[in-house]
Amino acid sequence: MSALDVLSIRKDFPILTQKIREKPLIYLDNAASSQKPDSVIDAISNNYRFDYANIHRGVHTLSQRSTDSFEGAREKVRVFLNAESVKEIIFIRGATEGINLIAQTYGRSNIGQDDEIIITAMEHHANIVPWQILCEQTGARLRVVPMTERGELILDDYRSLFNSKTRLVSIAHMSNALGTVNPVAEMIKTAHSHNVPVVLDGAQSAPHMTTDVRALDCDFYVFSGHKLYGPAGIGVLYGKQALLEAMPPYQGGGDMIRKVSFQKTEYNDLPYKFEAGTPAIADVIGLGAAIDYITGIGLDNIAAYEDDLLRYATEQVNQITGLRIIGEAAHKGAILSFVLDGVHPHDIGTLLDTVGIAIRAGHHCAMPVMDFYQVPATARASFAMYNTEQEIDVLVSALKELIKVFR
Ligand code: 7TS
């Protein structure tokens, strides 16, 4: 196993010390949402205890303190993504809101009748439905990059989807249902060779690998705080400054204006143009603390450790007869989706909970992926930096016990 002091990391996550149904909690639902370290919980609580006030508008000390911490978190996000400027970092509720924002601002002003938007066969509903809404509004069409049985995109088909009508590509960096890490750098180059901008859905990838928006050269990137050991209800939209400057605002209200009269309103500069209304102040500060926590450990170390965990888990579950892994891409993040002969995934989830193991069972908001594999749902164990091989052993023996009950 790689060098990561997992026992000391586990001590930072208070929720992990509890028992569920008299068994130690084994939390393997990290792709849905990950748990929070003390430093994140404290950053939120300390803002409310000592510094809380509304930001940007106040001359008083508390408002200045909250504003400094809030804008400090924006700079942390900028460094985390290696964006050029804090003007490119917009706080939003999460990946879902980010994609909807792009669709309704960039999309509404640049995509029209008969234009085409490319997505892939493995997208989360959050990267399908906003584009379908845009298509209904504008008469544009969705084109879908197909994938192989292993869960890898077919890049020849991707390249052949481009034509003079292609206006945008929007793809998951990492699939939540399969774990596949897509070759996004190469896909972005292809799109740019046709002068087509690319949205990257980083909801799953951001917690598991280093993201460098400038090296990737993506035009937009979204992620959610809650999957990154940070608070729920806060996330980030990165956009290249020139694109954001040219886009109309998403919502109107406070903070996004410079001057309002009944005749005309002047919009504020970036990033505020896209931040209407009082934001989730303490949660932004909590997200900054989560980024400090992750960077303290190092995303490369986290990625190496989770790779080992995934490899170990894959070897172990492959020894269970009747278990089929859904998603066997060569390049995968720490997600193990599977089905078991004769046992419904929901029963797997419910029975594992009786021994303290939290996994997810369902369609994972990726119904087209379920249709592709012709399964109603999968069971999904998803790993984080605080999980251990011992926990995987407990999962595997619980699955073996469960099979005995059903067969
Ligand atoms: N994109 C991907 C790839 C995701 O996995 C998710 C959430 C989203 C977008 C939406 O993120 P949100 O924070 O705005 O909700 N995925 C999951 C999941 O796999 N189980 O629960 C949520």
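The legends below describe close-up views of a predicted model. Local features need pLDDT of at least 70, side-chain atom pairs count only at pLDDT 80 or more, and totals for chains, interfaces and linings use all residues. Residues are numbered from 1 along each chain as its sequence is written, and side-chain values use heavy atoms, with hydrogens and water left out.

**View A. Helix H2 packs against helix H10.** Helices (H or I, at least four residues) and strands (E, at least two) are DSSP runs, numbered from the N terminus. H2 spans residues 38-51 and H10 spans residues 281-297. Their axes come within 8 Å and cross at roughly 150 degrees. Axes are lines fitted to C-alpha atoms, for helices over the stretch in contact, and angles run from 0 to 180 degrees between N-to-C directions. H2 and H10 are therefore roughly antiparallel. Angles under 35 degrees count as roughly parallel, over 145 as roughly antiparallel, 65 to 115 as roughly perpendicular and the rest as oblique. The crossing of H2 and H10 is right-handed. A crossing is left-handed if the near helix is turned anticlockwise from the far one by less than a right angle, and right-handed if clockwise. H2 contributes Ser39, Val40, Ala43, Ile44, Asn47 and Tyr48 to the contact (heavy atoms within 4.5 Å). Residues of H10 in this contact include Ile281, Ile285, Gly286 and Tyr293. By class, the contact of H2 with H10 has 10 nonpolar, 3 polar and 1 charged residues. Ala, Val, Leu, Ile, Met, Phe, Trp, Tyr, Cys and Pro count as nonpolar, Asp, Glu, Lys and Arg as charged, and the others, Gly among them, as polar.

**View B. Helix H3 also packs with H10.** The angle is about 40 degrees, with the axes 8 Å apart. That makes H3 oblique to H10. The crossing of H3 and H10 is left-handed. From H3, the contact includes Phe70, Ala73, Val77 and Phe80. From H10, Val284, Leu287 and Ile291 are among them. The contact of H3 with H10 divides into 9 nonpolar, 3 polar and 2 charged residues.

**View C. Phenylalanine 70 and phenylalanine 91 form an aromatic pair.** The structure holds 11 aromatic pairs. Rings of Phe, Tyr and Trp (its six-membered ring) pair if their centres lie within 6.5 Å; planes under 30 degrees apart count as stacked, over 60 as edge-to-face and the rest as tilted. Here the centres are 5.3 Å apart and the planes stand at 65 degrees, so the pair is edge-to-face. Phenylalanine 70 sits in H3 (residues 61-81) and phenylalanine 91 in strand S4 (residues 89-92), 21 residues apart.

**View D. Seven strands form an open sheet with mixed pairing.** The order is S4-S10-S9-S8-S7-S5-S6. Two strands pair if DSSP finds at least two bridges between them. S4 and S6 (141-145) are the edge strands. Neighbouring strands are turned by 20 degrees against each other on average, direction ignored. S4 and S10 (residues 235-239) run antiparallel, joined by 4 bridges. Phenylalanine 91 stands opposite valine 236 in S10. H3 touches S4, S9 (220-224) and S10, its direction making about 115 degrees with that of S4.

**View E. Four strands form an antiparallel open sheet.** The order is S13-S14-S17-S16. S13 (323-326) and S16 (360-362) are the edge strands. The twist averages 30 degrees from one strand to the next. Arginine 360 stands opposite arginine 380 in S17. Helix H11 (residues 299-317) lies across S13 and S14 (335-340), at about 10 degrees to S14.
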